[in-house]
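Please consult the sequence and the structure while reading.

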Amino acid sequence: MSDLNSARSAPMHPVLDAVEMHMTVPLNRWPKYAIMGTTDYKKRQEFLMTDHLKKFPPPGTTDTSAKDLSLSTMFMHKMAQIQHVIQRQGSAANDDPRYTYLYDDMRFKRNIFYWRNFRMNDLPPEIITHIFRIAAWSTSTPAEGTHIRLLLTSVCAKWRRLMIEDCTLWSAIWFRDPPPYERSLEWFKRAGGAPLDIRINEHDADWKSKDDDWRYKEDDHRFTTEQMEELMDTIFVKLSQIRMLVLVVDNWPPALVVLDKLQEAAYAGKVINMERLEIHRMGQPFVWLGPGRTPAVLFGGQTQALKYLCLCGVHIDWNATPLSNLSTIDLRKIAMNVAPTLIRFREVLLACPRLQKLSLDGAGPQPSARKPDHIPINLPHLKVLVIGGFSMLYSCFILSQFKAPNVRDLTLMNLTGEDYTTMITAITGWYKELRILTLYTVNISPTEGGTKAMVKFLYAMPYLSYLRIASMKWHVIDAFNEDPREYGLGRDTVTQSFPRNRPVLCPKLQTIEFQQLSGTKIAEWATRRKELGTPLRRAYVNSPYVSKITAEEADVIQQVVGLFIAPLGSTTPEERALATCDRYGETI
């Protein structure tokens, strides 16, 4: 790291000397968490920007263009210098959080001065508008997109006029402001005739704690039946323009209002072009309203445009609702009494030959005896499969209903209360193209039989590259480092890169994302992978669990593999790359 410690002149600005070139700082003292996408990184940006605005004259009052250009060029050269060092030192430097932090810091400092010198308002209006669209739609969360649009309308009169004149910039509307939703309805008006993506979320900022604790009163919600009816009447004026509708509520009444209103609109002759529908009833799961309630026919049967269906805690008239050519089916927490029959479920799968994602979390078809001529439905385009919240027998039952040889992302979660070794054995060899495996609270017997089942399961996934684990017993994770030859596997494998020609399970595994697990054990596990000749490149910890990793544990992990934060709700670069590349690294 001495490559970056060349002599440097006195800082040209007090803020600019904050991090600079001091890579000799010991690893355990480096602010390794302040990387792009984290809260600390945003705080760092805000500090630099605020300090800069305080110390420089307002634009237009003093000509600082020459100095701004000089500073921007200087930091650009430092970025190139860091890249050169990383290229010379290889993957060790590429995965070192200190280089990542330093590079991001130089880039942001460069941008501060580059932005001051860039004559934005001299561009043609259509180019400025296009830039605004990129800024608004490149955010990682809906909340950030909302914030960006509010900021852009506050810069100057010209920007505000261009923003408001562009309908597409207001077509994504998140109803999270309090009634009477003045801000959201103003955006609804600005959207004009553009296709609409609408989110309605009645929960406040502390919803996450409520989500994990069902002891709070389910009737303590924002929407009443009347309030939801009034809101639906307002936005359904543009029903034919609504492309996506996401609804998150606590209780039954507002959710049922939306389903009923959609059915009534269709029966009244209104056109429904909705491509994505999500309805989440987040109150007590698995309850239903009883035989007195007639379920709605989704969209009154106008489901030709529908591609993405997610129902959580609510149900529809499965038999009367046409469901075909879907790309995503996501069912959660639906009582078995009102779930689709097995016959109907299989009909839907057959009608969706290009289904890409199937998620069944505590919701699936009503069980029935297997027919003698049972044939699993072939789903060759299925890439993402989620199975969770089922008994062992029901898990085997549901997984036997279809074949999905090209699944790349498999999630098994909340499979507890009994031993699921039999299920693991049953699906071994089914997902040979798997790249991403998620295991959340899956109970596998801590016996020789359980370990053998896991070893065979992992041996059949030669391209697995990304492991996401949480709340798992450690013997399951240790199975990754077992010698497959001891279980009758890989005896003919000769791989000179491994110590003593020893085959390693999941040899392409490079990234691990973990939470609610011992940091020390993660470090020991990663060390063993390195000893076997298959070192990890990165370890991620989810942002809400960073505080549970002690400084000592973080240091131990950091000595073996680069430790990074995975912001909650967003995907990591490795995950995005694996979703779009084949086994040879080519884009698919």
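## Aromatic pairs

Phenylalanine 480 and tryptophan 525 are both buried, where buried means under 20% relative accessible area, exposed over 50% and partly exposed in between, for a 1.4 Å probe and protein chains only. The model is a predicted one, in which local features need pLDDT of at least 70 and side-chain atom pairs count only at pLDDT 80 or more, while totals for chains, interfaces and linings use all residues. Residues are numbered from 1 along each chain as its sequence is written, and side-chain values use heavy atoms, with hydrogens and water left out.

A pair of aromatic rings is described by the distance of the centres and the angle of the planes. Rings of Phe, Tyr and Trp (its six-membered ring) pair if their centres lie within 6.5 Å; planes under 30 degrees apart count as stacked, over 60 as edge-to-face and the rest as tilted. The search of the whole structure gives 11 aromatic pairs. One of these joins phenylalanine 175 and tyrosine 181 edge-to-face, with 5.9 Å centre to centre and 70 degrees between the planes. Phenylalanine 175 is buried at 1% relative accessibility, and tyrosine 181 is buried at 7%. The ring centres of phenylalanine 480 and tryptophan 525 are 5.9 Å apart and their planes stand at 85 degrees, so this pair is edge-to-face. It links distant parts of the chain, 45 residues apart: phenylalanine 480 is in the loop between H16 and S14, and tryptophan 525 is in helix H17 (residues 519–531). Helices (H or I, at least four residues) and strands (E, at least two) are DSSP runs, numbered from the N terminus.

## Helix H10

Helix H10 spans residues 225–235, and its residues Met228, Leu231, Met232 and Ile235 are buried. Viewed down the axis of H10, the buried residues fall within an arc of 100 degrees, so they line one face of the helix; the arc is that of the directions from the helix axis to the C-beta atoms. Glu226 and Glu230, on the other side of H10, are exposed.

The buried residues of H10 pack against several elements, with contact meaning heavy atoms within 4.5 Å. These elements are strand S1 (172–175), helix H8 (182–190), strand S2 (196–201), strand S3 (242–249) and helix H11 (252–267).

## The largest cavity

On a 1 Å grid over the protein atoms alone, a cavity is a set of points where a 1.4 Å probe fits but cannot get out, and lining residues have an atom within 4 Å of a point. There are three cavities of 30 Å³ or more. The volume of the largest cavity is about 90 Å³, a volume being the space filled by probe spheres set on the points.

Residues lining the largest cavity include Leu309, Trp318, Pro340 and Phe345. Strand S6 (328–332) and helix H12 (342–350) are the elements that give two or more residues to this lining, and H12 supplies the largest share, three residues. The lining has 10 nonpolar, no polar and no charged residues. Here Ala, Val, Leu, Ile, Met, Phe, Trp, Tyr, Cys and Pro count as nonpolar, Asp, Glu, Lys and Arg as charged, and the others, Gly among them, as polar.

## Positive phi angles

Lysine 333, which is not a glycine, has a positive phi near 50 degrees. Lysine 333 lies in the loop between S6 and H12 and is partly exposed, with a relative accessible area of 26%.

Cysteine 506 also has a positive phi, about 50 degrees, although it is not a glycine. Cysteine 506 is placed in the loop between helix H16 (474–478) and strand S14 (511–515), and at 2% relative accessibility it counts as buried.

Conventions:
1 Å grid on protein atoms, 1.4 Å probe; cavity = no way out; pocket = protein on both sides within 12 Å on 5 of 7 lines; lining within 4 Å.
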